[in-house]
Amino acid sequence: MPAGTFHDQQATEIVVNRSTFFPCFSVAIKSWFLLLNIMFVSRFQTLRLGRPLPPQGGVGPFIALRSHRDIGLKRRIGLLALWLAPLALVYAADERRPTAKPNVVVILTDDQGRGDYSAFGTKDIRTPHIDRLFREGMTFRNFFANSCVCSPSRAALLTGCYPDRVGVPGVIREETPDDSWGYLCPGALLLPQLLQPAGYHTTLIGKWHLGIGSPNTPTERGFDFFHGFLGDMMDDYWTHRRHGHNFMRRNQEIVDPEGHATDIFTDWACDYLRERATAGGPFLLYLAYNAPHDPVQPPTEWLEKVKRREPGMPGKRARLVALIEHLDAGIGKVLDELDRTGLATNTLVIFTSDNGGVLANGANNGPWRGDKGHMYEGGLRVPGAARWPGVIQPGASTDRRTLTMDIFATACEVAGVHAPPNIDAVSFAPMLRGEAESHENRDCYFVRREGGTAYGGKTIDALRRGDWKLLQDSPFAPLELYDLKSDPGEATDLAAKNRPVFNALVAALSRQIQIGGATPWQRPAPISGIPAMNTAPVIPH
Ligand SMILES: [Ca+2]
C-alpha cells in the first residue's frame, strides 16, 4: 500500500466488464462485414457490367457466381438482403444495449443489520429477493452507513456530504422539537435537484425523515413526486401514526392508506414503475422502507411461516426475521415490476440500510461489535449491493470502503451530472463499470448528536484512517483507538499504547468537527437573536 493512502488492505477486485467487451466485439463484426460488403459490391458491379468471372466465381458472400446470366434481379436483391441481415442484427443488438441515461433505484431499508439477509450466510433467515441483487450485481463487503442512526445517513445519501455539514448530525424529530438534533440546511443541494435538469423524473416512496414542515418536505427539496411518510418512525405499521399524528403524504396531501407499511410502499413503488414505463424518460426512485425498524410488527402469516420453519427460534428473533422476510418479498415485487415493465435492463439498483440492526430486537450484525446508535462497527456496517444489467458483472464483489453518501456521487455520474465540487462523497461508478478501483486516501468520519441523559445534546463520533479507528461512543467516555486489521471486533483499546496514531486521529477528528460546526443544525431563529426553541411547525392531521 503506498505511503499516505488509506484503503482496505484486502485485494482489489478487477471485474471483467461486458460493457467494454461488447463494443469491441461489435466493432470487429461491423468491420468484417464492411470489408466483405465492399468485396461483394465490387463483384456485383462486375456481374452487372458483364465482365468475365474467374472459373469458380471468386470471393463473395459465401457463394460462387459463375456468370451474370445466373443472377436474376430478384435473386440479386435477395442475396443482398441476406448479406446485410447479420449486419442489421449487430446494429439491433447495439440498440438493445443501455445507451439511454440509466434509471436509478435506491432501495434503503431501516435498521437492517449487516448479517440479516441470507446471502450473507445467515442460516435462519430467507431473503431470496435481496439475495438476487447480490447474485446479479456487486457485493460491497465494506459498506458503511454515514451514521449509526436514521436522519444523518439519509441526509448524507441525498447531499453527498457528511451529515453535520448539511445540518443533520442527529435524528430530526420536529414534532418534538426539544428532542430534535438536526435541521436540513435549506441551501444544501439534494440529489433530485441535481438530476431534474438532466431530464430525470425524481420520486421518493417511503420514509423521508428530514423534516416535517416547509421548506424541508420532499417536494420542496427536488422530488417531483412523494408518496410516503414524513416522520421519524411509525408507532404502528398498520395505523402509520407517530405520537398520534398522521405523517403519510402524497406530495403535500395528507393520505391515510390501509395496510402494512411495507405493503403500502411496495405497491406505491410498483405503481410508479408502471407509470414511468409508460411515460418514458429516466427516473430516480428512492424507495425508503421503514422496515425492519421497530416496532417489530410482521404480518401474522409471515410470523407463522417463520415459526413453522424455525421452531426453536426465540420469539424476538422470529418476529424480526418475519418482518425482514416480508420486506424481502416487497423488494421482490419491485424487482419483478422492473422486469415486467422492461425497465430493469437500463436501471441501476442500489440496495443498503441506513444503519446497523438493533440487537435488542434480535438483529444479526455479523461478527462485529455493537449495534444501531453506536460507533462500533455493528452500528455502522450495513449490507450493500448494486445491480446494473450489462454493466456490472453478476457476482462481482468489492472490498472498497463505501459510505452511504457515495450513492449521491455515483448517481450523479451515471446520470451525466456534475456533482458539486465541495462534497465529501466519492463515486463508485467506475468500479461498477469494471474499471480499476481508485485507491482511497480519505478519512471516513461518522457523527451522531443526541439528547437525553446519555448524550446531553452532545455528539459521539468516529474517524477511520486506514485500519485505524478512533471513536467515542459516549460523550462522557474517553476516546478509544482500535486497529481493525488485527482487531476487527474492537476488543482492545490502543489509545494509551499508540499515542502517535491516537494524536493524529484526534487532530483529524477535531478538524472534521470544526468543519461540521460551520452549519447550523437547528431551525433558524425567526428573528435574529431570539432563540428558536419550540417552534415546530403546526402539524396538520
Ligand atoms: Ca434507521
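Trainee: In what order do the four strands of the open sheet come?
Mentor: The order is β15-β16-β17-β18, with antiparallel pairing. Strands here are DSSP runs of E with at least two residues, helices are runs of H or I with at least four, and both are numbered from the N terminus. Two strands pair if DSSP finds at least two bridges between them.

Trainee: Which ones are the edge strands?
Mentor: β15 (444-449) and β18 (480-483), since each pairs on one side only. On average, neighbouring strands in this sheet are turned by 15° against each other, direction ignored.

Trainee: And what packs on the sheet?
Mentor: Helix α12 (residues 499-516) does, touching β15, β16 (459-465), β17 and β18. Its direction makes about 125° with that of β16. Axes are lines fitted to C-alpha atoms, for helices over the stretch in contact, and angles run from 0 to 180 degrees between N-to-C directions. Contact means that the C-beta atoms of two residues, placed from the backbone, lie within 7 Å.

Trainee: Before I get carried away, what kind of model is this?
Mentor: A predicted one: local features need pLDDT of at least 70, side-chain atom pairs count only at pLDDT 80 or more, and totals for chains, interfaces and linings use all residues. Residues are numbered from 1 along each chain as its sequence is written.

Trainee: OK, switching to helices. How do α6 and α8 cross?
Mentor: The axes of α6 (residues 261-279) and α8 (residues 315-340) come within 9 Å and cross at roughly 5°. That makes α6 roughly parallel to α8 (angles under 35 degrees count as such).

Trainee: Which residues meet there?
Mentor: From α6 they include Thr262, Ala269 and Leu273, and from α8 they include His326, Gly330 and Val334. By class, that contact has six nonpolar, four polar and four charged residues. Nonpolar covers Ala, Val, Leu, Ile, Met, Phe, Trp, Tyr, Cys and Pro; charged covers Asp, Glu, Lys and Arg; the others, Gly among them, are polar.

Trainee: Now β5. How many of its residues are buried?
Mentor: Five of five in β5 (residues 225-229). Buried means 20 or more other C-beta atoms, placed from the backbone, within 10 Å of the residue's own.

Methods: Angles under 35 degrees count as roughly parallel, over 145 as roughly antiparallel, 65 to 115 as roughly perpendicular and the rest as oblique. A residue is buried if 20 or more other C-beta atoms lie within 10 Å of its own, exposed if 12 or fewer, and partly exposed in between; C-beta atoms are placed from the backbone.
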